[in-house]
Amino acid sequence: MLVKMFKATVQRVSTSALKISQNRKSENFHSVLIMIPHGRCCLSTSSCLYGKILPRKKPRVVHEIAGLEPITYADRMHFVPGLAKPKFPPWERGWKEPNHYQSPKLEDMPLYKDKPCYIFNQRTNVLEGVRQALWLSKSVLIKGFPDQILTLAEDPANQIENQDERVQNAIKSSRLWDTTEHRPPRERFCPSLLNGLLHLCGGLQVTHPELAKRILAEKYSLAATWRRGEDVFQVRGQNGWLLNSMTPLPVLAGQEQIQSTADQALETFYPIAPTIDLQNTHVYQEKNDTGFREDYPYPHAHTLFLMEMGNAPKLLPEQLRAKMVMFTFGNALARAQALYGKEPSVLEKPIVVQSVATNGRLFQFVVFQLNTTDLQSDSGVKNLVWVDEDQPLYEFAKVKPLIKKKVVQVPAGLSGYQPDTFKKFLALYLHGAV
Amino acid sequence: MSVGLLSCALRALSLGSSQIAGFPVASGVCAAVTGSRGFMTSACDLQNRSLWKQRDKYTVRPIGVKKTGGRDYTGRIITQRIGGGHKQRYRMIDFQRLRYEAGKEQQPIEEKVMEVRYDPCRSADIALVAGGSRKRWIIATEHMEAGDVIRTSGAIGRMAVLAREGDSHPLGALPVGTLVNNLELFPGKGAQYIRAAGTCGVLLRKVNGTAIVQLPSKHQIQVLETCMVTVGRVSNVEHNKRVIGKAGRNRWLGIRPSSGLWQRKGGWAGRKIRPLPPMKSFINLPSAAARS
């Protein structure tokens, strides 16, 4: 008995000593206490006196037996060793304190609905790209720039004097002259490039007074709701810069082209559902809001400028085009519902919205014509989308030239400038005012 | 005896009930998703050590991994030769192929392979598949390419299905002799066997309600025929033929050098030639914890 107690005390002493030092068996079998600063070292022996770690005991699991109420120390108002810990109901403050606010569960929120809604917001990155956007907006794709708008830019009366030189200056000022570092971050040169180009285009107001009836809005929030099949879809969020104008854009496609779209079938992509990657939520409000008040003097959306600046999320060109298509569709739909009401119908005067997206070098152009708000079924008149993909404005804008093996691959400064891209940009700007 | 049991139960009730649900207060209950949640660590340690693998909701986005260096909660090296190496991000792999989407139960699942890529956490390649409204990562099979359409079906018909590579069926639906991988031991638990690069098992025979599979180690096991399995060999077949080339490459993989101490090897070392162990049978129903 005494021997047992002694052995037990020896064990306890050695395990407590372990925390500061380790015992190491030397060749003479004398245990040598070595003070090691970190308090651990690799041991190969597994004797319990020399550092064996017992596995932690799991805490005792207390089962609730139905019908039996545990006797707690709640009445005694202090801990009593034999009785159970009382469970009190959660305390409620009674008034709303913003610093300690716990939101209710999703099912208890006032806007909770049983039917889920699929929302396309500014962070959505759709898997199938433009095909998915076309299905969601019930549209037909036409590749290439619409010719009517392109002829606007070819007209010499509509061009800026020294156009190429001034555009190149604008690119250089945003890419090269903005900072003393080698390259400014994309979040900086992308908006400054767009600002420069818009400033150039705005200089044409002298010869075209109609261009003055426009305004650029920076942070506007869009909301548009529609039903497709049995699902509810929404487009929401702040997406970019919107150029509004007093007069609506003229219709691009004639009635014959619109009616011929009724024969074309929408492209599906089985086995992927069209709702993939959209935010699926049960708490939503079916809102249709253009982002501006009703008495706004510039009620018609003209062009949407989207900037892809990289990180949240990083969009590939295909996904960027899908985002463009969805947001132009959302703008057009919101304005159609503001003008003609919420009843889904085929529009007599189709609404046209344009869009330009850029990542600082590559430009994507989209023109969307909303022909119908009857999006419930897959058949019938469809909307039209013209998409012009991947137009580079310039190839390289480097501060230091790229030299490989003493041969200049890419010269310093701006190189590979394409004048056509700016012509298209200008054409989209002038459309509706010339 | 009944009095003794009742007193045990009452004692259990009286001494501190606190079953605070979920997060991250020390709970000894092992979850089936990650076996490491059974540890009871101190409050400050819980915040950091295993938090990266406590995520419940499935996501396709890669998760940053905290390396342990072979050390456990006490700080000692438990497994040697682990440490360092390139940073890795963990992609949550869905080993349960037959996972239905909400509202589409009992229908065969068709999915399209979007991308097949390298996974730093395992020897096999992984594939991003999309079907319906969800995307998930699965272990890729040998000839899987982007654009393929793969099927997962839980039905066992009277006739055996023509097995296509990459498809997943229960063992009872496949013809005898097919090469299979990602084998489940218990139906619904998720694949646990035959997941390494280039491995495949062979379906040997089907015996009333059970199937016998030969694993890559030539061991044979008997599982229920409703266990899901994928057809074909696992991807990255050339994995065992690679040459590390230098010590540095092992260090990049996170393998530290072995101890240089020469030790006389005993009876445990050397090649052993002995008969296969008897076939292991997994057809008893598992406990409720393993089924979840």
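## A walk through a predicted structure

Just after helix H2 of chain A, A:Lys138 takes a positive phi of about 50 degrees. That is our way into this model, which is predicted.

Let us stay with H2, which covers residues 130–137 of chain A. Is this helix enclosed by the rest of the structure, or is it left open? Seven of its eight residues are buried, so H2(A) is largely enclosed. The buried ones are A:Val130, A:Gln132, A:Ala133, A:Leu134, A:Trp135, A:Leu136 and A:Ser137. They pack against several elements of chain A, including strand E4 (139–143), helix H7 and strand E12 (362–372). Strands E6, E7 and E13 (383–392) are also among the partners of these residues.

As background, strands of a sheet pair through backbone hydrogen bonds, either parallel or antiparallel. E6(A) and E7(A), the latter spanning residues 231–238, pair in the antiparallel sense over eight bridges. In this pair, A:Leu222 stands opposite A:Gly237 of E7(A).

Next come the nonpolar cores. In soluble globular proteins, nonpolar side chains tend to be buried together. Which residues touch the most other members of the largest nonpolar core? They are A:Trp226 and A:Leu370, in a core of 49 residues. H7(A) gives this core its largest share, eleven residues. Leaving aside residues up to four places away in sequence, A:Leu370 touches A:Phe329, A:Ala332, A:Leu333, A:Ala336, A:Leu347, A:Pro350, A:Ile351 and A:Asn383. Another core, of 47 residues, lies apart from the largest one, and A:Phe189, A:Leu249, A:Phe425 and A:Leu430 are among its members.

Helix H3 (residues 147–154) and helix H8 (residues 419–430) pack at an angle of about 105 degrees, with their axes 8 Å apart. H3(A) and H8(A) are therefore roughly perpendicular to each other. On the H3(A) side, A:Ile149, A:Leu150, A:Leu152 and A:Ala153 take part, meeting A:Lys423, A:Lys424, A:Ala427, A:Leu428 and A:Leu430 of H8(A).

A:Gly254 is found in the loop between strand E8 (241–245) and helix H6 (255–260) of chain A. Is A:Gly254 buried, partly exposed or exposed? Its relative accessibility is 31%, so A:Gly254 counts as partly exposed. The C-alpha atoms of A:Gly254 and A:Lys424 are separated by 22 Å, and the two residues are 170 residues apart along the chain.

| Feature of chain B | Value |
|---|---|
| Helices and strands | four helices and 15 strands |
| Buried residues | 33% of the 292 residues |
| Contacts between residues 24 or more positions apart | 59% of the contacts with a separation of 6 or more |
| Accessible surface | about 17,600 Å², of which 56% belongs to carbon and sulfur atoms |

Terms used:
Residues numbered from 1 in each chain as written. Chains lettered and ligands numbered in written order. Predicted model: local features only at pLDDT ≥ 70, side-chain atom pairs only at ≥ 80, totals over all residues. Heavy atoms only, no water. Pairing = 2+ DSSP bridges. Helix = DSSP H or I, 4+ residues; strand = E, 2+ residues; numbered from the N terminus. Buried < 20%, exposed > 50% of the residue type's maximum accessible area, 1.4 Å probe, protein only. Contact = heavy atoms within 4.5 Å. Areas by Shrake-Rupley, 256 points an atom, 1.4 Å probe, with all protein chains shown as cover. Core = buried A, V, L, I, M, F, W, Y, C linked by side-chain atoms within 4.5 Å. Axes fitted to C-alpha atoms, helices over the stretch in contact; angles between N-to-C directions. Parallel < 35°, antiparallel > 145°, perpendicular 65-115°, else oblique.
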